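Let's take a friendly walk through this fold, from its surface to its core. Keep the viewer open as you read.

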Amino acid sequence: MHARTQLTEGIGIIVDIGAVGNLAGSSWMSKLVEQSTKAGFTAKREPMRKKLDIQGVGHGTQTCEQVHRVPIAVTNQTTGQTGIAEFQAPVIPNSEVPGLLGLESLKNKKAIVDVDKKLLICPG
């Protein structure tokens, strides 16, 4: 499935309102960190305070022990302006799972999903 979700250019994050929090596989995260580093930004990786056991993505039950914080470029599709944000997610080791933007992050940004115009609006 992941091959069908990839962009032809750049790296995208999938909006997943069925996921409570953000999540990413190690393969996808490595690509994101590489692109962020090439753009002159510094990604951070740190151990999680408490390990996170996950199910429903990837294979069986997996444990996340690291969280990454990666600067990303976000473009306003209305104005064309690009700004820098941070994508923070626990990382699934040895996994191809793409980056998932979960419900908590969307809620914190007061996000609105406009399915007609295919926009994610984050006013907060």
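A nonpolar patch here is a group of Val, Leu, Ile, Met, Phe, Trp or Tyr residues, each with over 30% relative accessible area and no salt bridge, whose side chains are joined within 5 Å. With that in hand, and keeping in mind that this is a predicted model, you can pick out a patch of about 540 Å². Its members are Val15, Ile17, Leu103, Val113, Val115 and Leu120.

## The nonpolar cores

The largest nonpolar core contains 11 residues: Ala24, Trp28, Met29, Leu32, Val70, Ile72, Phe87, Ala89, Val91, Leu101 and Leu106. Two or more of these residues come from each of the elements α2 (26-38), β4 (62-75) and β5 (82-92). Another core, with 6 residues, lies apart from it; Leu23, Ile54, Val97 and Leu100 are among them.

## How the strands pair

One place to look is proline 71, whose bridge partner in β5 is glutamate 86. The hairpin that β4 and β5 form has 6 residues between the strands, and there glycine 80 adopts a positive phi near 85 degrees.

On the parallel side, β2 (residues 24-25) is joined to β5 by 2 bridges. Here glycine 25 stands opposite isoleucine 92 of β5.

## Three salt bridges

Side chains of opposite charge can pair when their charged atoms come close. How many salt bridges does the structure hold? There are 3 salt bridges, and each is worth a visit.

One joins the side chains of glutamate 34 and lysine 38, at 3.3 Å from N to O. Both residues belong to helix α2 and are 4 residues apart, about one turn of the helix. Glutamate 34 is partly exposed at 45% relative accessibility, whereas lysine 38 is exposed with a relative accessible area of 69%.

Strands β3 and β4 supply the partners of the others. Arginine 69 and glutamate 46 meet through their side chains at 3.2 Å, N to O. This pair links distant parts of the chain, with arginine 69 in β4 and glutamate 46 in β3 (residues 44-54), 23 residues apart. Arginine 69 has a relative accessible area of 25%, so this residue is partly exposed; glutamate 46, at 32%, also counts as partly exposed. Lysine 51 and glutamate 65 form a salt bridge at 3.5 Å, N to O. Here too distant parts of the chain are linked: lysine 51 lies in β3 and glutamate 65 in β4, 14 residues apart. Lysine 51 counts as exposed at 55% relative accessibility, while glutamate 65 is partly exposed at 41%.

## Cysteines and disulfides

How many disulfides does a search of the whole structure find? The search finds 0 disulfides. Cysteine 122, in turn, is partly exposed, with a relative accessible area of 40%.

Notes
Residues numbered from 1 in each chain as written. Predicted model: local features only at pLDDT ≥ 70, side-chain atom pairs only at ≥ 80, totals over all residues. Heavy atoms only, no water. Disulfide = S-S within 2.5 Å. Buried < 20%, exposed > 50% of the residue type's maximum accessible area, 1.4 Å probe, protein only. Core = buried A, V, L, I, M, F, W, Y, C linked by side-chain atoms within 4.5 Å. Pairing = 2+ DSSP bridges. Patch = residues over 30% accessible without salt bridge, like charges linked within 9 Å, V, L, I, M, F, W, Y side chains within 5 Å. Areas by Shrake-Rupley, 256 points an atom, 1.4 Å probe, with all protein chains shown as cover. Salt bridge = Lys/Arg side-chain N within 4 Å of Asp/Glu carboxyl O.
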